[in-house]
Amino acid sequence: MRDILPPDIDLPEAGTVTMFSTSWCGFCRRLKSQLDREGIGYTEINIEQAPGTAELVETINGGNQTVPTLLFPDGSSATNPSLTQVRDQLG
């Protein structure tokens, strides 16, 4: 995954995620609310504002700009995951 990340984006720190989102995405708002409630840290990146990130999300999602797309510390990703899936992936 590191080789497809734009140079200004690093893998998230252990126990946190990077969330690629848009300002209008209801699924993104819901997941952020759940992460906040559970105390899971995240860095949000709006793909409509950060250069190269819409293309990254497309690469991860087979050509689709589907959000939320999450990036995990181990380099794996998940598209529109449930809170349970996020917790399980973080261990």
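**Close-up views of a predicted model**

**View 1. Glycine 62 after helix H2.** Glycine 62, which follows H2, has a positive phi, near 60 degrees. Helices (H or I, at least four residues) and strands (E, at least two) are DSSP runs, numbered from the N terminus. This is a predicted model, in which local features need pLDDT of at least 70, side-chain atom pairs count only at pLDDT 80 or more, and totals for chains, interfaces and linings use all residues. Residues are numbered from 1 along each chain as its sequence is written, and side-chain values use heavy atoms, with hydrogens and water left out.

**View 2. The buried face of H2.** Thr53, Ala54, Leu56 and Val57 are the buried residues of H2. Buried means under 20% relative accessible area, exposed over 50%, and partly exposed in between (1.4 Å probe, protein chains only). Seen down the axis of H2, these residues fall within an arc of 160 degrees, so they line one face of the helix. The arc is taken from the directions from the helix axis to the C-beta atoms. They pack against E1, E2 and E3.

**View 3. Strand E1 and its two partners.** E1 (residues 16-21) pairs with E2 (residues 41-46) in the parallel sense over 6 bridges, and with E3 in the antiparallel sense over 3 bridges. Two strands pair if DSSP finds at least two bridges between them. Methionine 19 has glutamate 44 as its bridge partner in E2 and leucine 70 as its bridge partner in E3. Threonine 18 stands opposite threonine 43 in E2. Of the 6 residues of E1, 5 are buried.

**View 4. The largest nonpolar core.** This core has 22 residues, and Phe20, Leu35, Leu70 and Val86 have the most contacts inside it. A nonpolar core is a set of buried Ala, Val, Leu, Ile, Met, Phe, Trp, Tyr and Cys residues joined through side-chain atoms within 4.5 Å. In soluble globular proteins, nonpolar side chains tend to be buried together.

**View 5. Around leucine 35.** Apart from its neighbours within four places in sequence, leucine 35 is in contact (heavy atoms within 4.5 Å) with Val17, Met19, Ile40, Tyr42, Leu83 and Val86.
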